Structure formats: structure tokens, C-alpha cells
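Please keep the sequence and the model at hand while reading.

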Amino acid sequence: MIRIAGTILLFLALGSGPVAADSYCRVPLADWQPREALQRKLEAEGWTVEMIRAHDGCYRVHAVNAAGERLQGRFDPATLAMVGRRGEGRGRDHRHGDDDHD
């Protein structure tokens, strides 16, 4: 009986880990602002937006900033605040300290 309980706990722990690790933004879809709002915000800050898509519950942006640097950013879809960023030549997500995989 103890062995079965231990196995169940192990499966529960392993089953919930990857979901929690990959969820940077936890916003209900009804609270998301439109992509166009994020694009307008970034363009006002001097970014040239190449792509916006949903990824891991966040908006994921590929853009070029005013200095000509290629950037990848993660944005909270409700507040449009940046929650992670990678720049050209940088291989790590500066908020989470891990490699960013698509």
C-alpha cells in the first residue's frame, strides 16, 4: 500500500512540474489585450515589430529596437509589461536565467 501511494505521489509531482516551469504568464484569455495594442506600445518605444505570437501564456515578440539590436521579448498579455527579454548575442532569458526554447 505504501509503495502504491509513493508511486502515485511521484507521478503527481512529475506531472505538474513541467507545466509550472513553463508558465511565465498566468492570465485568463478574457483579460488579454489585443496584439495590436502591444505593437502600438512597442512602436512608440522605437521598436520595429517583426512578429507577435502567443507562447507559454505570454505574448512573444521578435523585434528590432531603435539601436538596431534584434530582440526577443516576453510580455504579460494583460498589462503588456515585459516579463523577459533576450537581445542579440545573449543566449539567456534575463528574468529566468535559463535558455529560452520555442
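A nonpolar core is a set of buried Ala, Val, Leu, Ile, Met, Phe, Trp, Tyr and Cys residues joined through side-chain atoms within 4.5 Å, where buried means under 20% relative accessible area, exposed over 50% and partly exposed in between, with a 1.4 Å probe and protein chains only. The model is predicted, so local features need pLDDT of at least 70 and side-chain atom pairs count only at pLDDT 80 or more, while totals for chains, interfaces and linings use all residues. Residues are numbered from 1 along each chain as its sequence is written, and side-chain values use heavy atoms, with hydrogens and water left out.

The largest nonpolar core has 14 residues, and those with the most contacts inside it are Leu38, Leu42, Trp47, Ile52, Tyr59, Val61 and Phe75. Helix H2 and the strands S1, S2 and S3 each supply at least two residues of this core; helices (H or I, at least four residues) and strands (E, at least two) are DSSP runs, numbered from the N terminus. Setting aside neighbours within four places in sequence, Ile52 is in contact with Arg35, Leu38, Gln39, Tyr59, Arg60 and Val61, contact being heavy atoms within 4.5 Å.

Four strands form an open sheet in the order S1-S2-S3-S4 with antiparallel pairing, two strands being paired if DSSP finds at least two bridges between them. Strand S1 (48-55) and strand S4 (82-87) are the edge strands, each pairing on one side only. On average, neighbouring strands of this sheet are turned by 20° against each other, direction ignored. Helix H2 (residues 35-44) lies across S1, strand S2 (58-64) and S3, and runs at about 145° to S1; axes are lines fitted to C-alpha atoms, for helices over the stretch in contact, and angles run from 0 to 180 degrees between N-to-C directions.

Seven bridges join S1 and S2 in the antiparallel sense, and His55 has Cys58 in S2 as its bridge partner. The hairpin of S1 and S2 has two residues between the strands, and Asp56 takes a positive phi near 55° there. Strand S3 (residues 70-75) is joined to S4 by five bridges, again antiparallel, with Arg74 opposite Gly84 in S4.

A disulfide, defined as a pair of cysteine sulfur atoms within 2.5 Å, joins Cys25 to Cys58 with an S to S distance of 2.0 Å. The pair links distant parts of the chain, 33 residues apart: Cys25 lies in the loop between helix H1 (2-22) and H2, and Cys58 in strand S2. Cys25 is buried at a relative accessible area of 7%, and Cys58 is buried at 0%.

The structure holds two aromatic pairs. Rings of Phe, Tyr and Trp (its six-membered ring) pair if their centres lie within 6.5 Å, and planes under 30 degrees apart count as stacked, over 60 as edge-to-face and the rest as tilted.

| Pair | Centre to centre | Angle between planes | Class |
|---|---|---|---|
| Trp32 and Tyr59 | 5.0 Å | 70° | edge-to-face |
| Trp47 and Phe75 | 6.1 Å | 75° | edge-to-face |

Because Trp47 lies in the loop between H2 and S1 and Phe75 in strand S3, their pair ties together parts that are 28 residues apart in sequence. Both Trp47 and Phe75 are buried, and Tyr59 is buried with a relative accessible area of 4%.
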